[in-house]
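Hi,

Here is the model I said I would pass on.

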There are 2 protein chains.
Amino acid sequence: MSVSSRLNTTPRRVPQQRRGKRRVSALLDTAAAVIAEKGYEQATMSEIARRAHSSIGSLYQFFPNKQAVAEAVREQYIEDINRSWTDLVGVAAKLSPEQLSRRLVTVQLEIVERHPALLALLEIPPTSRTWRRRELIRVRVAMALMAHKPRLGESKALRIASVVQLVSRGLLTLYAKSDDRERAGIVEEFKAVLVGYLAPKLKSQRG
Amino acid sequence: MSVSSRLNTTPRRVPQQRRGKRRVSALLDTAAAVIAEKGYEQATMSEIARRAHSSIGSLYQFFPNKQAVAEAVREQYIEDINRSWTDLVGVAAKLSPEQLSRRLVTVQLEIVERHPALLALLEIPPTSRTWRRRELIRVRVAMALMAHKPRLGESKALRIASVVQLVSRGLLTLYAKSDDRERAGIVEEFKAVLVGYLAPKLKSQRG
DNA sequence: CAAAAACATGAGCCAAATCTCGCATTTGCT
DNA sequence: AGCAAATGCGAGATTTGGCTCATGTTTTTG
């Protein structure tokens, strides 16, 4: 199956009983783990089923195809991610430009730490629903920037938020591939990058 | 075949005759095109052979497996890439910090423009040979930085070069996925990011 | 309890992709 | 021309992984 083809990803059947709910939940957790380890393409449905102490048949009882599984994993993450950024909006005003810049990096890192499959899921083409979710998150970041410096203006804040997301995603990709020894260094340098980019914009009067 | 498994990628047979050399060259060009279009995973050996007006048999006569083809494509690029960065070393001293920063971005862009498969090739795990090549390129970037500001010192320059490569790769990934309308904007913002990061390091006395 | 609905299973179907192999053709050389 | 090596070919062997389905078990419902 090609990554680029769009399939129906709506659940084939919603679990009704306790047993079913437990199973679906276990399947999703396992799917996340396997996808995180091997990437979307190399993750196989049989391995997901096996490692969830389930069977292929059960897996397909709830999900019509592989994409649907990935989509469901992604869906699971959204709420938590959104909350992370919302929290940042709350404290942004109290932070210095440098602190805020660094915080943007660490929040991202904490997110992928909690949701290791997130990066691998970038391989699969986002559904329109996912696009909307992503836009929502961008707005959250923009809100954090505006909470810090209201004079920025909405459109400017949104634009900067895009760049922050861009840079962050680049960071995460590399962070994920690097080994433990390199990671600390990568994080520090990327904080420097964001500080260099953001601090002037957050300080100057003529935004 | 898993992406993560390492295979023997040495050529099965080196072309001796004119005919063979032409064919191998056509196969590599086509392979680059197909990989650029579809990515490594989705590129198939049959399509490469077909579009090179060749046959599966001929393809496997020269390359033992798919990875070997990708590796050969990557190998082809190295020389040209190295030259691009070497050119920059020559002019770096004459540029302002801002100009140099922007130049680092545009050189990268020109490279992927000339070698569209380059990004897709990041999917496949680098061989030790590729690592060495990559390190060479990092040294080139560091040399450009030192040509601009000799006081930087070698170790500092190398470290900054790493970050430049990191940021650039992030840019390219996103650049490749975006459509034409967004690209100009992405490029400009990334220049701003690099300027923000580099300018202070290239200007200040206490590096 | 009996019937229905939900859930579980895994052998195997099927399509797709990699790679082999035996044979045909071309090239380069003397 | 004639020979050997190089090259070309593509049917099909093999593997792999998504997915179906017939059959069996557990839970709910009336």
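The surface near DNA strand D draws at least two residues from each of H1 (18–42), H2 (45–51) and H3 (56–62) of chain A, and from each of H1 (18–42) and H3 (56–62) of chain B. Helices here are DSSP runs (H or I, at least four residues), numbered from the N terminus. H3(B) gives the most, with 4 residues. In total 25 residues surround DNA strand D, and the closest include Thr44(A), Met45(A) and Gly57(B); "near" means a C-beta atom, placed from the backbone, within 6 Å.

This is a predicted model, where local features need pLDDT of at least 70 and side-chain atom pairs pLDDT 80 or more, while totals for chains, interfaces and linings use all residues. Residues are numbered from 1 along each chain as its sequence is written, with chains lettered from A and ligands numbered from 1 in the order written.

Now for DNA strand C: 25 residues surround it, with Gly20(A), Ser55(A), Gly57(A), Tyr60(B) and Asn65(B) the closest. The largest share, 4 residues, comes from H3(A).

Then there's the protein–protein side. The contact takes 19 residues from chain A and 18 from chain B, counting C-beta atoms, placed from the backbone, within 7 Å. On the side of chain B that touches chain A, the elements giving two or more residues are H1, H7 (154–177) and H8 (180–203) of chain B. H7(B) gives the most there, with 8 residues.

Cheers

How values were computed: Contact = placed C-beta atoms within 7 Å.
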